[in-house]
Amino acid sequence: MKILPLKEGNRVLLRVDFNVPIKDGKITDTRRIDATLPTINFLLEKKVKVIIMAHLGRPAGIGYEEKFSLKPIYEKLKEYFPQKIFFCKSVLSDDPVVKIKEMDNGSILLLENLRFYMGEKENNFEFIRKLALLGDYYVNDAFGVVHRKHASVYGVPKMFDSEKKAYGFLIEKELNYLHKKLKDPQRPYTIIMGGAKVGDKIKLIKRMIDKADHILIGGGMMFTFLGVQGNMIGKSLFEYDKKDIAKEILEKGKDKIVLPTDSLVVDNIENPNYIEEKNIKQMSRSDIGVDIGNETIENFRSIIEKSKTIVFNGPMGIFEDDRYANGTREIVAAIADCKGVSIVGGGDSAASIKKFGLEDKISHISTGGGASLELLSGKDLPGLKALE
Ligand code: AMP
């Protein structure tokens with residue numbers, strides 16, 4: 001981390017990624033919070049006032065929504081930093097200004113979810129100005145959002161001179177891995193993509209065609225590709241507005257992209273009357289593909305075994321449900337067995353590694369999904385640009 005000339009009592013705005021999974025008001029995986037602790041502790045040791053900016057989920061941006069409140073995160077931070085942490089519900093009022101003035105040096109103020117305000121996503125100037133006025137310095141350690149041109153990630157740091165802003169230890173670690181190690185990857189270099197949302201990832205797949213040797217596609221996104229090839233995919237996920245780019249990718253990457261040849265299908269995800277493995281060519285109108293099949297697992301495994309660099313982003317099926325977890329389980333086990341460098345990006349992928357107890361066997365589990373892919377595909381990241 002670039003060393004900032006911090007003095008006791010300075011106010012440091014710190015953007016973090018606390019976008020953790022929460023169930024019934026309780027955090028189920030604290031990894032993203034834990035990953036930021038080195039930077040928070042470093043700042044507290046400098047006896048500065050740390051003003052934490054974060055988001056949770058995707059609220060509408062028109063005000064408070066209980067299920068996206070950072071309150072559970074505040075409760076967790078109270079365990080980590082007893083008597084040193086305060087919470088501010090109303091970010092745009094005078095409340096944060098007053099609280100920052102009153103709090104002791106070496107303590108923390110957590111601001112409520114910035115995405116309750118439209119200004120965050122819209123990178124709106126008034127919003128940027130309000131936030132920027134709260135700090136003397138700016139530090140970004142939110143690797144998970146450095147690819148977003150949001151106010152707290154992009155607009156706010158631009159308001160600070162270059163000697164007054166830096167990235168934190170987490171971003172430094174991610175860059176070491178994703179940038180330095182993968183600039184010139186050991187080959188064969190295989191990328192395994194899955195998950196539900198093609199929209200978020202499809203442009204990156206296109207860019208990755210030039211970099212990778214193999215691109216294996218599973219998960220819900222496989223059906224958009226299989227669908228545009230003219231296969232009957234029944235009621236499986238299909239992103240209609242992505243069909244042209246999917247076709248283009250299949251054409252451009254025809255020597256590199258490997259699609260599943262079979263799938264586990266059901267008629268109803270929650271209460272299936274049947275769960276069957278089918279060749280893709282035999283799928284019917286009522287089928288919903290929920291996982292990759294055994295032939296695909298074997299095919300993917302044989303490519304993974306020979307790879308020297310592997311990037312895994314997105315599960316192969318609805319792995320949260322044990323009935324549909326086999327494909328993801330087998331693929332992550334194959335990745336864990338592989339001797340080369342293995343990198344896992346994205347919350348769901350990291351969760352699948354955790355679920356199957358293979359965390360120790362992966363070279364690097366990134367805290368950012370989209371951000372890590374954008375970095376690997378050679379794109380500039382706005383959040384890093386704004387720190388230059
Ligand atoms: P993403 O956020 O795009 O990485 O998607 C992750 C989610 O994709 C996980 O919650 C999985 O349950 C889901 N998923 C994986 N495969 C499928 C599938 N075949 N149909 C529907 N959802 C899926």
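Student: How many aromatic pairs does a search of the whole structure find?
Tutor: The search finds 7. Rings of Phe, Tyr and Trp (its six-membered ring) pair if their centres lie within 6.5 Å; planes under 30 degrees apart count as stacked, over 60 as edge-to-face and the rest as tilted. One caution: this is a predicted model, where local features need pLDDT of at least 70, side-chain atom pairs count only at pLDDT 80 or more, and totals for chains, interfaces and linings use all residues. Residues are numbered from 1 along each chain as its sequence is written, and side-chain values use heavy atoms, leaving out hydrogens and water.
Student: What kind of pair do F42 and F169 form?
Tutor: Edge-to-face, because their planes are at 85 degrees, with ring centres 5.4 Å apart.
Student: And F238 with Y240, how far apart are they centre to centre?
Tutor: 6.3 Å, with 65 degrees between the planes, so that pair is edge-to-face.
Student: Is Y240 buried or exposed?
Tutor: Exposed, at 59% relative accessible area. The cut-offs: buried is under 20%, exposed over 50%, partly exposed in between (1.4 Å probe, protein chains only). F238 is partly exposed, at 31%.
Student: New topic. Which residues touch the most other members of the largest nonpolar core?
Tutor: L111, I192, I215, I217, F225, I304 and I331, out of 90 residues. Such a core is a set of buried Ala, Val, Leu, Ile, Met, Phe, Trp, Tyr and Cys residues joined through side-chain atoms within 4.5 Å.
Student: Where is the second core?
Tutor: It is separate, has 30 residues, and includes V16, F18, I52 and A54.
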